[in-house]
Amino acid sequence: MAKNELQVLYETLLDRKEHAEVGSYTAYLYEKGLEKILKKIGEEATEVIIAAMKENNKEEIVNEISDLLYHLFVLMAEKNITLDDVNNELEKRSQKSGNLKPERKPVEKY
Ligand SMILES: N=c1c2ncn([C@@H]3O[C@H](COP(=O)(O)OP(=O)(O)OP(=O)(O)O)[C@@H](O)[C@H]3O)c2ncn1[C@@H]1O[C@H](COP(=O)(O)O)[C@@H](O)[C@H]1O
């Protein structure tokens with residue numbers, strides 16, 4: 001099976017850590033450091049929220065989510081967190097359903 005784009009992207013970002021190509025935005029983020037990466041994640045998360053509040057703009061939301069995922073992946077690469085680490089955590093969680101805390105009332109109306 002072909003690798004999915006998330007895996008390809010993550011591997012590219014790891015590679016940029018070893019080989020800082022000229023003109024690479026990722027290399028620029030690593031160079032700027034953790035604070036810059038975290039700031040970008042905050043900005044991109046806000047852009048996802050703003051896009052999602054508008055109606056009928058799936059394309060814009062997909063674009064903003066892609067920007068956010070890219071910056072989260074840069075953080076993962078920076079912190080040596082692998083896709084397997086996240087996958088394993090999600091897998092553990094998938095064993096457990098019914099995660100609504102007992103003291104929280106079920107949502108009846110949005
Ligand atoms: N997926 C992405 C991706 N998503 C968003 N971005 C960049 O993220 C930036 C976000 O835009 P902003 O306007 O918020 O930021 P900016 O003004 O450009 O930059 P700042 O001054 O805020 O740092 C843009 O410059 C985008 O190009 C990305 N840059 C790279 N990738 C992937 O990373 C791979 C490696 O890219 P390079 O490292 O550039 O070679 C590429 O092949 C892509 O697959």
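Modeller: Gladly! By class, four nonpolar, three polar and three charged residues make up the shell around the ligand. Here Ala, Val, Leu, Ile, Met, Phe, Trp, Tyr, Cys and Pro count as nonpolar, Asp, Glu, Lys and Arg as charged, and the others, Gly among them, as polar. This is a predicted model, where local features need pLDDT of at least 70, side-chain atom pairs count only at pLDDT 80 or more, and totals for chains, interfaces and linings use all residues. Residues are numbered from 1 along each chain as its sequence is written.

Colleague: Which residues are around the ligand?

Modeller: They are Leu-9, Thr-12, Arg-16, Glu-21, Ser-24, Tyr-25, Thr-26, Ala-27, Asp-67 and Tyr-70. H1, helix H2 (25-32) and helix H4 (58-78) each give two or more residues to this shell. A residue is near a molecule if its C-beta atom, placed from the backbone, lies within 6 Å of it.

Colleague: Why is Glu-11 called partly exposed?

Modeller: Glu-11 has 13 C-beta neighbours inside 10 Å, so it counts as partly exposed. Buried needs 20 or more other C-beta atoms within 10 Å, exposed 12 or fewer, and partly exposed is in between, with C-beta atoms placed from the backbone. Glu-11 is found in helix H1 (residues 5-18).

Colleague: What makes H5 hardly covered?

Modeller: The count of buried residues among the twelve residues of H5 is zero. Helix H5 (residues 83-94) reaches 16 Å from its first C-alpha to its last, close to the 16 Å expected at 1.5 Å a residue.

Terms used. Helices (H or I, at least four residues) and strands (E, at least two) are DSSP runs, numbered from the N terminus. The expected span of a helix is 1.5 Å times one less than its number of residues.
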